Amino acid sequence: MIAINDTLALDDAEISESFIRASGPGGQNVNKVSSAVQLRFDVRQSPSLPEPVRERLERLAGNRVSQDGVLVITAQRFRSQDRNRADALDRLIALILRAATPPRPRRPTRPSAAARERRLTAKSQRARLKQQRAIIREC
């Protein structure tokens with residue numbers, strides 16, 4: 001079990017990892033060793049996540065979620081496979097943590113009287129400036 005927070009935990013079987021060759025610097029090591037990690041997590045079929053967390057996670061992940069609802073995280077920052085595995089898992093946990101905290105509802109506010117006054121004076125000054133720029137033709 002992978003603990004996310006006090007109330008959420010993921011089963012190890014829900015996560016699949018595959019190893020691919022990393023791109024970028026690393027010399028001959030990059031051509032020989034599959035050190036990059038592709039972590040896959042099926043968001044829609046996960047029994048560990050409540051429905052609101054699933055929806056927020058899909059929205060937060062954006063392009064990293066496939067049409068089938070599978071979240072794909074690719075980690076290739078490090079040269080070793082173990083560090084890339086840990087990095088991918090940390091990124092998944094951080095993403096789920098962000099999705100687990102519900103957004104605060106927005107309280108509508110109104111601009112103050114002073115702010116309205118500042119806006120109107122700025123508008124009138126701008127209008128006056130533009131009128132001064134106008135070319136006045138005398139016929």
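User: Hi! What should I know before I start, and how are residues numbered?

Analyst: Welcome! Residues are numbered from 1 along each chain as its sequence is written, and side-chain values use heavy atoms, with hydrogens and water left out. The model is predicted, so local features need pLDDT of at least 70 and side-chain atom pairs count only at pLDDT 80 or more, while totals for chains, interfaces and linings use all residues.

User: Great. At what angle do α2 and α3 pack?

Analyst: Helix α2 (residues 51–61) and helix α3 (residues 81–100) pack at about 120 degrees, and their axes are 8 Å apart. Helices here are DSSP runs of H or I with at least four residues, strands are runs of E with at least two, and both are numbered from the N terminus. Axes are lines fitted to C-alpha atoms, for helices over the stretch in contact, and angles run from 0 to 180 degrees between N-to-C directions.

User: What do you call that arrangement of α2 and α3?

Analyst: That angle makes α2 oblique to α3. Under 35 degrees counts as roughly parallel, over 145 as roughly antiparallel, 65 to 115 as roughly perpendicular, and the rest as oblique.

User: Which residues make the contact?

Analyst: From α2 they are Val53, Arg56, Leu57, Leu60 and Ala61, and from α3 they are Leu95, Ile96, Arg98, Ala99 and Ala100. Contact means heavy atoms within 4.5 Å.

User: How many of those are nonpolar, polar or charged?

Analyst: The contact of α2 with α3 has eight nonpolar residues, no polar ones and two charged ones. In this scheme Ala, Val, Leu, Ile, Met, Phe, Trp, Tyr, Cys and Pro are nonpolar, Asp, Glu, Lys and Arg are charged, and the others, Gly among them, are polar.

User: Let's stay with α2. Which of its residues are buried?

Analyst: Val53, Arg54, Arg56, Leu57 and Ala61 are buried in α2. Buried means under 20% relative accessible area, exposed means over 50%, and partly exposed is in between, using a 1.4 Å probe and protein chains only. The buried residues of α2 pack against β4, β5 (70–75) and α3.

User: And Leu60, what does it touch?

Analyst: Leu60 lies in α2 and is in contact with Leu95, Arg98 and Ala99, leaving aside neighbours within four places in sequence. Leu60 and Ala99 are 39 residues apart along the chain, with 7.1 Å between their C-alpha atoms. Leu60 counts as partly exposed because its relative accessible area is 29%.

User: New topic: is Asp87 buried or exposed?

Analyst: Asp87 is buried, because its relative accessible area is 9%. Asp87 sits in helix α3, and its side chain makes a polar contact of 3.3 Å with the side chain of Arg77. A polar contact is a pair of N or O atoms within 3.5 Å; within protein, one must be able to donate a hydrogen and the other to accept it, and residues adjacent in sequence count only if both atoms are side-chain atoms.

User: Where is Gln38, and which side chain does it have a polar contact with?

Analyst: Gln38 is in strand β4 (residues 36–42). The side chains of Gln38 and Arg40 are joined by a polar contact of 3.4 Å. Not counting residues up to four places away in sequence, Gln38 touches several residues, including Ser16, Ile20 and Val72.

User: Last one: where is Glu14, and is it buried or exposed?

Analyst: Glu14 is in the loop between β2 (9–10) and β3 (15–20). At 17% relative accessibility, Glu14 counts as buried. Beyond four places in sequence, Glu14 touches residues including Arg40, Phe41 and Pro47.
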